[in-house]
Amino acid sequence: MTARATDAADPRSRTDGLGWVTRAVFGDERIALTVGGPPPPGHRAVARYAVVPSLARARFLLPLGAPRATAASLLAYNALRPPKVRAVRAALGTLARVGAVDLAPFPRLTVSLPEGVAADEALLAGRLGAALGEAAVHAACGVRPPDPNHKPTLQLFAPDGRALGYAKIGWNGATRALVTAEAAALRELPTVTGAPDHPAAPRLLTESATDGQAVALVEPLPPAVRGVSAGEPPRIAALLAVARRGRPPAPPRPLAGSAFLARLAAEAGRAAANVPDGARAVAAVAALTSRHGDTAVEFGHWHGDWVPWNLGVHAGRLVAWDWEHSAPDVPLGFDLAHDAFQRALVLRGEPASAAARAVDAHLDRYGAELGLGPAPRRLVTDAYLLEMWLRTWRLADAGAGWNAALHPALLDVIEKRHSG
C-alpha cells in the first residue's frame, strides 16, 4: 500500500472544508491527490476536478473530462437552490456544456492511483459506480466548513450527464448513525409510498460500511422536481399518510404506558449519566408524565425533518427526502410541530422560545385537521420539544457537539412551560 501524501500540496492536510471533504471522499491511503501538478511517479490519473472558486474559498469539486457530466453536476436540481446560487450554477453549467470550464482558471485537483490498483477498488465513487453496474462515473462534491454534524455528499453522473445517484458519507458516530437510519427508513418506504397521499421518496440503491464510514446511495430526484414554497400551508393529508403508513387511524392511547414515553425516559436517563443537564431532562420527562400522562393521542411514524427544504413537487405529487430522523411510535402531529419549529428557528432566525410559541400557534391553527383537541395539542408540543432536546443530546453524545441554538435554551423553555 502506498503511503498517503502528508505535505502541504495534498489538500487532505488542510484544516478547512476542502481538507475535511477530501479526507472523507479520498480516504484510501493508496490515493494520491495533487493540485496543479502531475501525479507522483508510479501513479496514473483516474479523475480530475476543478476546485471552485479557489483553494482558499473552495465550495465545489467539479468533475472534469466529460463536459456533459460537468454541466449536469452544476445544473441538476438547480430549481431547488436559492436564486443567487442558481444563477452562478446556471452560468457555469452553460460554459461546461461546451467544455469551457476546462479552460477556466480554477485550481486543478488530480486524483491518481498506483499502477495495478483499480478505481473501483480504491475510490469511493468507483465502488459506488461498480455497485450500479456503471463502467464510468463522475462524482461532484460540495465543500462546506468542517462540522461534526454534516455529511460529505457525492452526486454521481454518467459521462453523458445522466444522474446516477446521491451518496451521503457518515464519517463519525453522529453522522454514521444518521446515514444508517436513513438507509433503514428508505428500505421500508417502498411498501407504503403507494398509499394515497403518501409522498414519493428516493429509493435506496446501495449501502456500505467500510473503513469507519457508513455510505448510503439513493436514486436521484426527478429532474423536473420543484421546491415547495416556505409560504405554503402544511399538507395535512401527506402528514397523516406518513404517520399511518397506509393503514386506518390507530385508536388513541394514553401517553402513560406508551413505548414513546418509555423511550424518552430511557434516553433522558442515559443523558443524565453523561452530562450534568441530563438530570433536567429526567425531570422534564416526569413533568410531562404528570401533566399529560392521562391524555390519549394517536401514535404513528414521522418523517423527522419535515421542512420546506426537504420537500418538492413532481408531476403533481409531493416528494420528500432526507429521512434520516424518521422513526415510529411518536404522537401524531410531530411533523407538523417540527415544520413550525424549524421555520421559526432556521428561516426566521428566532430563538427557541419563539420557535416553541410558533409550534403552539401552528397546532392551534391546523391541529383539528389531524384530529387533535386542545389537550392533545399541548401534549404534542411539550413532547416534541423534549424529543428535540434529546435529539440534540444524542448528536452531541455521538461527537457532533451541541447545537447552540437549542442547548441549553430548549431545556429552559421546557421547564418554563411545565411551571406555567
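Me: How much area do domain 1 and domain 2 bury between them?

Reply: This is a predicted model. In it, domain 1 and domain 2 bury about 560 Å² between them, and 55% of that lies on carbon and sulfur atoms.

Me: Where in the chain are domain 1 and domain 2?

Reply: Domain 1 covers 11-171, and domain 2 covers 226-417. Taken over C-alpha atoms, their centres are 36 Å apart. Domain 1 gives 6 residues to the contact, and domain 2 gives 9 residues.

Me: How many salt bridges are there between domain 1 and domain 2?

Reply: Start with the general idea. Side chains of opposite charge can pair when their charged atoms come close. Between domain 1 and domain 2 the count is 3 salt bridges. For the structure the number is 28.

Me: Which residue forms a salt bridge with Lys 168?

Reply: Glu 324 does, and the closest N and O atoms of the pair are 3.2 Å apart.

Me: What joins the side chains of Glu 121 and Arg 30?

Reply: Those two side chains meet in a salt bridge, with 2.6 Å from N to O. The pair links distant parts of the chain, as Glu 121 and Arg 30 are 91 residues apart. Glu 121 belongs to helix α4 (residues 119-122), while Arg 30 is in the loop between α1 (17-25) and β1 (32-35).

Me: Which residues of α2 and α3 meet?

Reply: From α2 they include Pro 67, Thr 70 and Leu 74, and from α3 they include Arg 89, Leu 92 and Arg 97. By class, the residues of this contact divide into 7 nonpolar, 3 polar and 2 charged.

Me: How far apart are the axes of α6 and α12?

Reply: The axes of helix α6 (residues 173-188) and helix α12 (residues 374-400) are 6 Å apart, and the helices pack at an angle of about 120 degrees. They are therefore oblique to each other. Gly 173, Ala 174 and Leu 178 of α6 make the contact with Leu 395, Ala 398 and Ala 400 of α12. The contact of α6 with α12 has 5 nonpolar residues, 1 polar residue and no charged residues.

Me: Which peptide bond has an omega of about -5 degrees, and is it cis or trans?

Reply: Again the general idea comes before the case. Most residues other than glycine have a negative phi, and most peptide bonds are trans. The bond that joins Val 52 and Pro 53 is cis, with omega about -5 degrees. Pro 53 sits in the loop between β2 (43-52) and β3 (60-63). The peptide bond from His 407 to Pro 408 is also cis, with omega near 5 degrees. Pro 408 lies in the loop between α12 and α13 (409-419).

Me: Is the phi of Ala 315 positive or negative?

Reply: Ala 315 has a positive phi, about 55 degrees, although this residue is not a glycine. Its place is the loop between β14 (311-314) and β15 (317-320).

Key
Residues numbered from 1 in each chain as written. Predicted model: local features only at pLDDT ≥ 70, side-chain atom pairs only at ≥ 80, totals over all residues. Heavy atoms only, no water. Axes fitted to C-alpha atoms, helices over the stretch in contact; angles between N-to-C directions. Helix = DSSP H or I, 4+ residues; strand = E, 2+ residues; numbered from the N terminus. Parallel < 35°, antiparallel > 145°, perpendicular 65-115°, else oblique. Contact = heavy atoms within 4.5 Å. Nonpolar A, V, L, I, M, F, W, Y, C, P; charged D, E, K, R; others polar. Domains from an automatic or database assignment. Buried area = accessible area lost by both parts, 1.4 Å probe. Salt bridge = Lys/Arg side-chain N within 4 Å of Asp/Glu carboxyl O.
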